[in-house]
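Visitor: I have not looked at this one before. Can you walk me through it?
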Amino acid sequence: MKEAAGFHFKTYLLIAFIAFFAPLGNVLLGKGMHNVGSAKNWAPREVLHILGSIVASGYIWLGIASLLTFFVAYMLVLTWADYSYVQPSSSFAYAVTGVLSYFLLGETISPLRWLGIAVICLGVFVVGRTPPRTTERLPAA
Amino acid sequence: MREFLFLTLLVISGTGGELCVTHAMKKIGEVHDFRPLALVKFMLRALRVGWMWLGIAMMALAFFSLLAMLSFENVSFVVPVTALSYAAGALGAAIFLRERISAQRWFGVAIVCVGVTIVWLSRR
C-alpha cells in the first residue's frame, strides 16, 4: 500500500516537472525563432544563415536547457511507467503552453483555440484515469 | 501546406524517437536511486544502448522541424497541434512496445485528436 502511494507520488511529481519545463522550453524557443525569422526560399545559404542565428540566440539556448530538464524527467519516469500513460498525461503541458504564450509572448489566442486546448486537456484527464503500467515489471537498475 | 509538411515530419520523427528512447529505458530497468552520481551513471548507461542514439537522432530531426514551424507560426498554435503525436504514440506503443492500450485510453487519445483538430481550425 505504502509502496503504491510512493509509486504514484514519484510518477505525479516527475509528470509535474515535465508539464512545466516542456512548455517553458517551447515558449523560449518560440521567442528565439520569432527573433531569428523564417526562411523565405529555403536556399542552402539562407538556411546556413538561419542556423547561425539560431546558435547565437540566447533564448534558444535557454529553451534547450529547459527542454533538457524536461527530457531527463521524462526518461526517468519512463523507466517504470508506460509510454502510452506518460505521453498523454504530460500533455497538460499544452494548457501551460497556452497560458505562457499569452502572458510571456503576448500572443492573441482566440476562443476557438482555447476550446481546442481545453478539449486536449479533457482527453488527457480521461487517459490519466487509466493505470500507469500494463506491461511486466523489469528488474531494477 | 508547409505547416502540414513540417507537422507530419515532426509527428513521425518525434514519435519514432520517443518509442526508441522508451525501448532503451525499458532495457535498462526501473530507477530507484535518485542521487546525482547515480543519475549520472544511469545516463552514461543509457548512452550505451543503441536504441537511445537512434531515438536521439529522430528527436533531433523533430526538434529542427519544431524550430522551423515556430519561425512562421505562434507557439500557442504549434505546440497544441503536435498533440497529434498521441495517436501515433498510442499506435506505436501497442505495435512496437506491446503495451496493452485500454478502450478508455483510446477514447482519451481520440478526444485529444478532436482538440488538435479544433486548434488547427483556429489557424490564422
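Guide: A:Ser53 lies in helix H2 of chain A, residues 44-55 (helices are DSSP runs of H or I, at least four residues, numbered from the N terminus). This is a predicted model, where local features need pLDDT of at least 70, side-chain atom pairs count only at pLDDT 80 or more, and totals for chains, interfaces and linings use all residues. Residues are numbered from 1 along each chain as its sequence is written, and chains are lettered from A and ligands numbered from 1 in the order in which they are written.

Visitor: Why does A:Ser53 count as partly exposed?
Guide: Because A:Ser53 has 15 C-beta neighbours inside 10 Å. Buried takes 20 or more other C-beta atoms within 10 Å, exposed 12 or fewer, and partly exposed is in between, with C-beta atoms placed from the backbone.

Visitor: And how are A:Ser53 and A:Tyr12 separated?
Guide: Their C-alpha atoms are 37 Å apart, and the two residues are 41 apart along the chain.

Visitor: Other topic. How many residues of chain A are in contact with chain B?
Guide: 48 residues of chain A, with 46 of chain B; contact means C-beta atoms, placed from the backbone, within 7 Å.

Visitor: Which helix gives the largest share of that side of chain A?
Guide: H6(A), with twelve residues. Helix H6 spans 111-128, and H1, H3, H4 and H5 of chain A each supply at least two residues as well.

Visitor: What is that side made of?
Guide: On chain A, 27 nonpolar, 17 polar and four charged residues touch chain B. Ala, Val, Leu, Ile, Met, Phe, Trp, Tyr, Cys and Pro count as nonpolar, Asp, Glu, Lys and Arg as charged, and the others, Gly among them, as polar.

Methods: Two residues are in contact if their C-beta atoms, placed from the backbone, lie within 7 Å.
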